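Q: Could we go through this structure together, starting with how the chain is divided and then moving on to the details?
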Amino acid sequence: MFTKVLIANRGEIAVRVIRACREMGVATVAVYSDLDREALHTRLADEAYALGGQTAAESYLDTEAILSAIDRSGADAVHPGYGFFSENADFARAVTDRGVTFIGPPPGAIEVMGDKISARLAAEKVGVLGVPGTTDFITDPDQVRAFGTEHGYPVAIKAAYGGGGRGMKVVTDEASIEDAIESAQREAMAYFARDEIYMERYLTAPRHVEIQVLADAHGNAVYLGERDCSAQRRHQKLIEEAPAPALPDEVRTAMGEAAVAVALGCGYTNAGTVEFLYEDGDFYYLEMNTRLQVEHPVTELVTGLDLVEQQLRIASGEPLSFSQDDVAISGHAIEVRINAEDPAGGAFLPSPGRITGLKVPDGFGVRFDGGYEAGDEISQYYDNLVGKLVVWGRDRDVAIRRTLRALDEMVVEGVATTIPADVAILAHPDFGAVSHSTKWVEETLDLSDVRADGAAPVGDDDDAAATARRDTTVEVDGRRFAVSLWVPETVAPAAAARPGKAKGRRSSGGAGGGDGRVAVPMQGTIVKVLVAVGDSVEAGDPVCVLEAMKMENNVAADKAGTIAEVLVTPGDSVGAGDVVVVIE
Ligand code: MV4
């Protein structure tokens, strides 16, 4: 086993890995940006090295700074977490070249799975099929026209060197082929610096089901059941669960065996996830994620296995200590991602800031994997995942009710969080009945009444001890009661209630009551301007396309009128609140 592991990450996943290492008697090394000097992962690790910088590019993605911390610390292994360098074959090689173990798959397997075309071919080689389509690049709209005529619409156009839904466009009819190609290529170029695209039949309401696999360096591989991650919006998962509900056992087994075949076929070792789309009883291979995933804890709760411990054991050369027959799934687990985002009206606007208060739930079956404590700051520069609530129950209904109970106990003050949206999903009959799909949150769930929680601190706890007793009487149904109240000395009883939201946060498009100065809701890049001076628009019409939070977002007119000024051109960087057009 290793003596010292450097964790090349931050936030909850760095904390998660540190905890597993500590339980195994392995020393830990944190790395931190200037903003994370006092962060939880920095505080928890045995040693910590400054990377310098603020943005991810200046810190956690600075290869030289991380390699230098590896050298200085004398770590004998590196855990990359997820994101950052976790699926970067060059980084894995740079680590391995120093004689340090990369806790993950071999660089060659990362490369094979790094682009969709070679990943699809690697699966086909072992008889595992994706959605019907072609692995040829699209060079001519006629190819799409021919495919559409043969297989019918809709057709999905995807970035060959992309992932996570970026660069995917759906063509519903012949007329939109050219636009879809142009848009897919533009997005692919913006995110992946390559614009090759290919196509598949588009499944209209699939569920996202993924298989967790473990493979050791001795040729053994097992699957640890599946997770359903269908409750997502814009390719950001909100809630995940294990096992996938209402999945026939034969599908579960066939999917697991397919995932193991894909892993063995590409020389995979360590923990990995094979993603599938599941629709109408059939499943289709999508891609393989060559890292530990955010939602790995639901698998841990139903299998009883510590996946990070397994990763360390596999990376240090141990054979798996159990076989497929030993893997048993028990009960049901649900993970709720708690992000610092304001879900009001379904907008999910980033809500960075200081967490002024944090109360984490507990009780039977409740686990919280967090990256922050009260007083810590959620920076706009990093992933805004505050933590993950992971709940186990003997069956799905118990797990859902327990998760709702735990969310009810949870208090996050100072930043808005996704909790109200999570509650809306968990409490919805469609989710309970498993009639949801990957489209459900965006197309069916109504979040228009959802309000931000936690944006303002509750009361004033500086002088919590200074309470005064007040005696009074009340009448209930004509019967008199003498009551005693203990109220803050300085605050009248009525004013002790929760103050309103501290921050006046603007929603991203409006119903039509705006002043005509249309501003972008968040930082990003303008990729398209859809109006010119003199055009007339209705409230809600898109005026430009903003690429932000890994997506293209329409920026909508906030009132009806005539475009008086256009203040941006494609390629411009804009910040939250910047005015892009003026309507008169
Ligand atoms: C699809 C699809 C339907 N048909 N491919 C989106 C992310 C990327 N990994 C693949 N994605 C999809 N590919 C075909 N042929 C629907 C999706 C999809 C999706 C997949 C998994 C999880 C969430 C999703 C949300 C929307 C669309």
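This is a predicted model: local features need pLDDT of at least 70, side-chain atom pairs count only at pLDDT 80 or more; totals for chains, interfaces and linings use all residues.

Q: Fine. Which domains does the domain assignment give?
A: The assignment of the protein gives domain 1 (4-103), domain 2 (132-201), domain 3 (207-443) and domain 4 (517-583).

Q: Let us take domain 2 and domain 4. How many Å separate their centres?
A: Taken over C-alpha atoms, the centres of domain 2 and domain 4 are separated by 26 Å. Eight residues from domain 2 and six residues from domain 4 take part in the contact.

Q: And what area is buried there?
A: About 590 Å² is buried between domain 2 and domain 4, and carbon and sulfur atoms give 40% of that area.

Q: Which three residues of domain 2 supply more of its buried area than any other three?
A: They are Arg 166, Arg 186 and Tyr 191, which supply 68% of the area that domain 2 buries against domain 4.

Q: How many salt bridges are counted between the two domains?
A: The count between domain 2 and domain 4 is two salt bridges. Elsewhere in the list of side-chain pairs, Lys 528 and Glu 182 meet in a salt bridge, with an N to O distance of 3.8 Å. For polar contacts, the count between domain 2 and domain 4 is one residue pair, both residues being at pLDDT 80 or more.

Q: Which helix gives the most to the domain 2 side?
A: Helix H8 (residues 177-192) does, with six residues on the side of domain 2 that touches domain 4. By residue class, that side divides into five charged, two nonpolar and one polar.

Q: Changing topic: how many residues surround the ligand, and which are the closest?
A: The ligand is surrounded by 16 residues, and the closest are Lys 158, Glu 200, Arg 201, Leu 203 and His 208.

Q: What polar distances can be given for that site?
A: A polar side-chain atom of Lys 158 lies 2.9 Å from a nitrogen atom of the ligand. For Glu 200, an N or O atom of the side chain is 2.9 Å from a ligand nitrogen atom. For Glu 287, the corresponding distance from a side-chain N or O atom to a nitrogen atom of the ligand is 3.2 Å.

Q: Back to salt bridges: what is the overall count?
A: The count comes to 41 salt bridges.

Q: Last topic, the backbone. Where are there cis peptide bonds?
A: The bond from Tyr 153 to Pro 154 is cis, with omega near 0 degrees. Pro 154 is in the loop between helix H7 (141-151) and strand E6 (155-159). Ala 242 and Pro 243 are also joined by a cis peptide bond, with omega about -10 degrees. Pro 243 is in the loop between strand E11 (236-242) and helix H9 (249-265).

Q: And what is the phi of Asn 270?
A: Asn 270 has a positive phi of about 80 degrees, although it is not a glycine. Asn 270 lies in strand E12 (residues 270-279).

How values were computed:
Residues are numbered from 1 along each chain as its sequence is written. Side-chain values use heavy atoms; hydrogens and water are left out. Domain bounds come from an automatic or database domain assignment. Contact means heavy atoms within 4.5 Å. Buried area is the accessible area (1.4 Å probe) that two parts lose on being put together, summed over both. A salt bridge is a side-chain nitrogen of Lys or Arg within 4 Å of a carboxyl oxygen of Asp or Glu. A polar contact is a pair of N or O atoms within 3.5 Å; within protein, one must be able to donate a hydrogen and the other to accept it, and residues adjacent in sequence count only if both atoms are side-chain atoms. Helices (H or I, at least four residues) and strands (E, at least two) are DSSP runs, numbered from the N terminus. Ala, Val, Leu, Ile, Met, Phe, Trp, Tyr, Cys and Pro count as nonpolar, Asp, Glu, Lys and Arg as charged, and the others, Gly among them, as polar. A residue is near a molecule or strand if one of its heavy atoms lies within 4 Å of it.
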